[in-house]
Amino acid sequence: MKRHKSDVTGVQRRLFITFEGLDGAGKSTQIERLLHKFQAQGLRVVMTREPGGTEIGNALREILLDPKHTALSPRTEALLYAASRAQLLHQVIRPALERGDVVLCDRYVDASLAYQGAGLGLGSEEVARLNRFATEDLKPNLTFLFDLPVQESQSRVLHARSGSAPDRIERRDAEYFQRVRQEFLRIAAAEPERVVVLDATASPERLEQEIWNIVANRYVDLE
Ligand code: TYD
């Protein structure tokens with residue numbers, strides 16, 4: 001079985017990759033493709049998502065996305081996302097990394113900084129503090145940001161939904177999603193080593209190739 005470079009060099013560096021961006025950016029397609037590429041390399045991979053990924057997280061997800069919860073306050077919302085994340089970390093992510101598995105996660109702390117910190121105006125430092133507690137400050141070593149204009153995101157979401165009702169977050173207005181997008185880009189500019197910005201309007205084939213080039217370059221021992 002092949003190993004990722006960390007094992008080969010004996011450094012024991014974990015491989016924890018997250019995917020961020022507005023809805024409709026094509027993250028899930030690319031996560032699936034990357035999963036198969038890793039598996040083809042003989043690596044064990046755990047794929048998960050937020051909010052959710054555990055039974056408790058899925059219960060929190062229901063509360064968070066159900067449009068009937070109009071009374072949910074911004075702080076409560078940030079706490080519930082953080083709670084789902086803490087459970088996922090405890091139950092899935094940390095054990096997988098300790099086993100030496102690759103972990104691919106659809107959204108993580110950056111999503112809270114963007115959607116709750118910037119979008120709802122809670123402030124990214126406050127939300128970062130909450131999330132340092134929730135995650136024991138466990139950071140991904142690589143994050144792909146699927147950058148997409150807000151209008152494009154909204155028309156893709158509308159198309160994909162094909163008649164079903166928008167969830168509680170999708171109901172927010174374009175200015176809200178502009179703040180979310182700008183915050184993602186701010187994070188990427190502040191942490192260029194960790195965050196790779198992708199043009200999510202590119203074709204799925206091109207995105208797949210770009211992602212694999214970056215991952216293989218950094219981490220995978222491709223003979
Ligand atoms: P979901 O249907 O999972 O969106 P996607 O499949 O596109 O990831 O819904 C999750 C929603 O929750 C999405 O609109 C983004 C939002 N979200 C936050 O607001 N804060 C967070 O910390 C996370 C993880 C997600």
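By salt bridge I mean a side-chain nitrogen of Lys or Arg within 4 Å of a carboxyl oxygen of Asp or Glu. The pair joins distant parts of the chain, 84 residues apart: Arg107 sits in the loop between β3 (102-106) and α5, Asp23 in the loop between β1 (16-21) and α2 (27-40). Helices (H or I, at least four residues) and strands (E, at least two) are DSSP runs, numbered from the N terminus. The salt-bridge count comes to 22.

A word on the source. This is a predicted model, where local features need pLDDT of at least 70 and side-chain atom pairs pLDDT 80 or more, while totals for chains, interfaces and linings use all residues. Numbering runs from 1 along each chain as its sequence is written, and side-chain values use heavy atoms, with hydrogens and water left out.

Now the ligand. Around the ligand are 14 residues, each with a heavy atom within 4 Å. Asp23 and Arg107 are among those that come nearest, with Tyr81, Ser112 and Gln116.

Which helices each supply at least two shell residues? They are α3 (55-65), α4 (74-99) and α5 (109-119), and α5 gives the largest share, 4 residues.

Next, polar contacts, that is, N or O pairs within 3.5 Å. Polar side-chain atoms lie at these distances from a ligand oxygen: Ser112 at 2.6 Å, Tyr81 at 2.8 Å and Arg61 at 3.1 Å. Alone, the ligand exposes 550 Å², of which the protein buries 89%, by Shrake-Rupley with a 1.4 Å probe.

Note on methods:
Polar contact = N/O pair within 3.5 Å; in protein donor to acceptor, adjacent residues only side chain to side chain.
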